[in-house]
Amino acid sequence: MNLRDALFINGRWVQPVLGGKLEVFNPADGKVFHTISAASAQDVDHAVRAARLAFDEGSWPRLSGKERARYLRRIAEVIRGRLSAIAETEVRDNGKPRPEAEWDIGDAAYCFEYYARMAEEFDDNRSESITLPDARFETKVMREPVGVVGAIIPWNYPLLMAAWKVAPALAAGCTVVLKPAEQTSLTALELAGIAEEVDLPPGVLNVVTGFGADAGQSLVDHPMVDKLAFTGSGAVGSKIMAAAAKDIKRVSLELGGKSPFLVFEDSDLDKAVEWVMFGIFWNQGQVCSATSRVLVHERIYQNFIDRLVVEAKKISIGDGLQAGTLLGPLVSELQHQRVTAAVEKAVADGATILTGGGRPEGLEAGYFFEPTILTDVPLTSSAWLDEIFGPVVCVRPFASEKEAISLANDTRFGLASAVMTEDTKRAERVAAALRTGTVWVNCSQPSFTEAPWGGYKQSGIGRELGRWGFENYLETKQVTAYVSGEPWGWYLK
Ligand code: NAD
């Protein structure tokens, strides 16, 4: 694939005004293989103005949903047609195993198809008449696009996170400035190339690559942006919310998690081990909903961890492009340092490493980290409380359902949780008690474009995906008409 390096603003590829550049590393060998542009505040200003003009004066928000859907379907078609090449770029940029990258790219295409359908349906339900108790008035409630969207995404699912925001925003009639993560911008640039290929009107989708503190912050602060849609860390999410308060921008936030996985004594152990493995080790554990705290009933605890350790040791680690790799490298050197430090700190706090704990033997280059299982992690340790965002799981026994629920909910996060049990009544009871936006029963991680995604507590605000994700990009307007021939009567009697 021809890798792009410019910014995509107003339908054209442009070099950054100040000439800023950003190196792209392959996490599997730590080597630079490409250079892209780093946007400054001036570039972001150009992009936002282009999006503003396309929204205020262009055709996009005025097209019917059916017309917009045609573009979205074309985007999906091109993504599908090039799935293998885009997945390969994603692997080189992010490090994840190729089959996982292929899932992501397929899911991104599906997301555009799904919101194309929603745009079509929108034509029939964008307005409704409501009945008022006073017959002298008639009210219509209309749904309208929110305006210019600033979308800021992380590096763990680069194209998929872009699709989760760009597809519903475009379907609703918004225009977008997308700022991908500095570690993984290549497939967002590819998406811009696809927008160009399908003749998306200029300014409707703009992609500015660059650093969070410059490009990201300028987008957040720009007064012409109506809505910010952010996925990333809690620290940056909190800054964005504070900055948005200045002009009362609309904000939706998808932040981190420390998701619990409750394994009850009646669970099928093979299945429990398989879902826990997937829950914490896929995408190298760099998943906001990764089930990083596993709570196991004391009666099966020893048996469970013995099996988990055996299975974790079998995981094949290597370059994501190598056939058979299950665990690729972490995304960056910084992330490798962070995960290493988190495990060292856990040990200093009293944790025991059952397997893993560092760089795998024989993989000296690149940012590889072993699947790691920790026990005896104190409840006050940062390893128990904070997101590690790597293949590191803390396992702990519990004695009763009440204790399991209490431990599970004892966190500032509320993104996801999982319950393993053969008892349907218990599954329902526990799912109702868990304070998280998603509860998985007898599984962990699968998410569907149709279902709402987002967190309770400090895991975020708002929901993405499904019709909830579409709502994020709509305003509600009432048009109320006085239809009586009589004077209003305030002073004319
Ligand atoms: P991050 O917050 O450092 O960066 C995310 C994005 O924000 C990047 O594009 C970055 O350039 C940008 N950014 C950084 N500083 C900024 C600023 N001051 N103003 C505007 N933009 C700024 O997070 P990360 O390390 O890239 O991603 C990992 C985090 O994302 C984890 O905490 C994870 O849980 C979270 N995440 C959440 C979900 C979810 O759906 N809830 C999904 C994926 C990742």
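Me: Which helix and which strand each supply at least two residues of the lining of the second largest cavity?

Reply: Helix H13 (401–409) and strand S17 (413–414) do. Both are DSSP runs, numbered from the N terminus (helices are H or I, at least four residues; strands are E, at least two). By the way, this is a predicted model, where local features need pLDDT of at least 70, side-chain atom pairs count only at pLDDT 80 or more, and totals for chains, interfaces and linings use all residues. Residues are numbered from 1 along each chain as its sequence is written, and side-chain values use heavy atoms, with hydrogens and water left out.

Me: What makes that space a cavity, and how much space lies in it?

Reply: On a 1 Å grid over the protein atoms alone, a cavity is a set of points where a 1.4 Å probe fits but cannot get out, and lining residues have an atom within 4 Å of a point. The second largest cavity holds about 50 Å³, a volume being the space filled by probe spheres set on the points, joined across faces, edges and corners. It has 14 lining residues, and Pro-260, Thr-411, Phe-413, Gly-414 and Thr-436 are the closest to its centre.

Me: How many cavities of 30 Å³ or more are there?

Reply: Four. The largest cavity has about 60 Å³ of space, and among its 13 lining residues, Ala-290, Ser-292, Glu-387, Ile-388 and Phe-389 are closest to the centre.

Me: Why is the ligand said to lie between two domains?

Reply: Because domain 1 (7–255 + 459–479) and domain 2 (260–441) both give residues to the shell around it. The domain bounds come from an automatic or database assignment. In total, 26 residues surround the ligand, and H7 gives the largest share of that shell, four residues.

Note on methods
Near = heavy atom within 4 Å. 1 Å grid on protein atoms, 1.4 Å probe; cavity = no way out; pocket = protein on both sides within 12 Å on 5 of 7 lines; lining within 4 Å.
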